[in-house]
Amino acid sequence: MIRGSCLCGGIRFHFARAVTQIGMCHCSQCRKVSGVASNAVIVVPAADLAWLSGEDLRETYAKPSGWRTTFCRRCGSPVPQKLPGTEAYWVPAGVLDDDPGLPVGGHIFVGSKAPWDEIAGPAPQFEEGIPGAKRT
Ligand SMILES: [Zn+2]
Ligand SMILES: [Zn+2]
């Protein structure tokens, strides 16, 4: 099991497997929600993720566009959120306590990255989303 937790430790979860590599999103919304150059996320089937504590601490903020983030209302850490209309969780890789054993698979929304953002590594870069994939 790969374990994860928020900064204050109130929210804890674990999951058995991910179905993606680590995706780095450089869009302006992910910058604001993370405070850094890009958001590192993986996708986990809902059936494979279990909450261990802190379900009452989870809060979700949604923009009118539908873009949303789920976070700990005590410490502000982003935590897994169920993707609307799917049976999958969007899991922020930075809150994992174990090594998920996954490489960075790609960078998305590179076309709107911050001017000071320097992307390193061999993973492919996409101006917008990964062609054929969709995030609501
Ligand atoms: Zn917390
Ligand atoms: Zn993004």
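Let me begin with a definition: rings of Phe, Tyr and Trp (its six-membered ring) pair if their centres lie within 6.5 Å, and planes under 30 degrees apart count as stacked, over 60 as edge-to-face and the rest as tilted. With that in hand, hello everyone, and here is our cluster: Phe13, Trp51 and Tyr89 together make one aromatic cluster.

A word on where this comes from. This is a predicted model, in which local features need pLDDT of at least 70 and side-chain atom pairs count only at pLDDT 80 or more, while totals for chains, interfaces and linings use all residues. Residues are numbered from 1 along each chain as its sequence is written, chains are lettered from A and ligands numbered from 1 in the order in which they are written, and side-chain values use heavy atoms, with hydrogens and water left out.

Back to the rings. The structure has 2 aromatic pairs. One of them joins Trp51 and Tyr89 edge-to-face, with 5.9 Å from centre to centre and 75° between the planes. This pair connects distant parts of the chain, as Trp51 belongs to strand E5 (residues 49-53) and Tyr89 to strand E9 (residues 88-92), 38 residues apart. Strands here (E, at least two residues), like helices (H or I, at least four), are DSSP runs numbered from the N terminus.

Are these two residues buried or exposed? Trp51 counts as buried because its relative accessibility is 16%, and Tyr89 counts as buried because its value is 11%. The scale is this: buried means under 20% relative accessible area, exposed over 50%, and partly exposed in between (1.4 Å probe, protein chains only).

Tyr89, for its part, has its C-alpha 5.7 Å from that of Val43, although 46 residues separate Tyr89 and Val43 in sequence.

Next, the metal. Which residues hold the zinc ion (ligand 2) as protein donors? They are Cys25 (SG), Cys27 (SG) and Cys30 (SG), at 2.1 to 2.3 Å from the ion. Donors are N, O and S atoms within 2.8 Å of the metal (3.2 Å for Na, K and Ca), and water is not among the atoms, so sites may look incomplete. Along the sequence, the spacing of the donor residues reads C-x1-C-x2-C. Both Cys27 and Cys30 are buried.

Of its 13 lining residues, Asn39, Thr69, Pro78, Gln81 and Trp90 are the closest to the centre. Strand E4 (39-45), strand E7 (68-72) and E9 each give two or more residues to this lining, and E7 gives the most, with 3 residues. A cavity is a set of points on a 1 Å grid over the protein atoms alone where a 1.4 Å probe fits but cannot get out, and lining residues have an atom within 4 Å of a point.

Ile11, in the loop between strand E1 (2-5) and strand E2 (12-15), counts as buried because its relative accessibility is 0%. Phe109 comes in the segment after strand E10 (104-108), and its phi is near 55°, a positive value in a residue other than glycine.

Key: 1 Å grid on protein atoms, 1.4 Å probe; cavity = no way out; pocket = protein on both sides within 12 Å on 5 of 7 lines; lining within 4 Å.
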